[in-house]
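Colleague: Please put the model up, and then we can go through it by question and answer.

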Amino acid sequence: MTTTVWIAPSAKSFACLCEPCLEAARIAGVLFSDALAGASVRGTIAPEAETAVAQCAAGHQIVLRRVQRPSSLTRSDGRQLQLA
Ligand SMILES: [Zn+2]
């Protein structure tokens, strides 16, 4: 299970939540605030990079994709929570 995050064309940094971590925390009954803290992933992305891969603290892959073509918007997932 990979989290895909769509980022703005000019973004140089990102902040998102790792979905597998959120799900694991939900199953474990962790406090929501703790789950959010544990699943929070932040980082930077090169301005010229169209895609990049980040990892959460637990090692899950997070794929960063830059929104550029209108057609890519159709694949955007409303479940993704983009914080920045
Ligand atoms: Zn994770």
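Modeller: Apart from neighbours within four places in sequence, Thr 51 is in contact with Val 63, Leu 64, Arg 65 and Arg 66, where contact means C-beta atoms, placed from the backbone, within 7 Å. This is a predicted model, so local features need pLDDT of at least 70 and side-chain atom pairs count only at pLDDT 80 or more, while totals for chains, interfaces and linings use all residues. Residues are numbered from 1 along each chain as its sequence is written.

Colleague: Is Thr 51 buried or exposed?

Modeller: A residue is buried with 20 or more other C-beta atoms within 10 Å of its own, exposed with 12 or fewer, and partly exposed in between. Thr 51 is found in strand S4, strands being DSSP runs of E with at least two residues and helices runs of H or I with at least four, numbered from the N terminus. Thr 51 has 11 other C-beta atoms within 10 Å, so Thr 51 is exposed.

Colleague: Which strands stand at the edges of the sheet, and why is one side of each left without a neighbour?

Modeller: The open sheet of three strands has mixed pairing and the order S1-S5-S4; two strands pair if DSSP finds at least two bridges between them. Each edge strand has a single partner strand, so one side is left without a neighbour in the sheet; these strands are S1 (3-7) and S4 (51-55).

Colleague: What is the bridge partner of Thr 4 in S5?

Modeller: S1 and strand S5 (residues 61-66) run parallel and are joined by five bridges. In S5, the partner of Thr 4 is Val 63.

Colleague: What arc do the buried residues of H1 cover around the axis?

Modeller: The buried residues of H1 are Glu 19, Cys 21 and Leu 22. They lie on the same side of H1 because their arc, taken from the directions from the helix axis to the C-beta atoms, is only 160°.

Conventions. Two residues are in contact if their C-beta atoms, placed from the backbone, lie within 7 Å.
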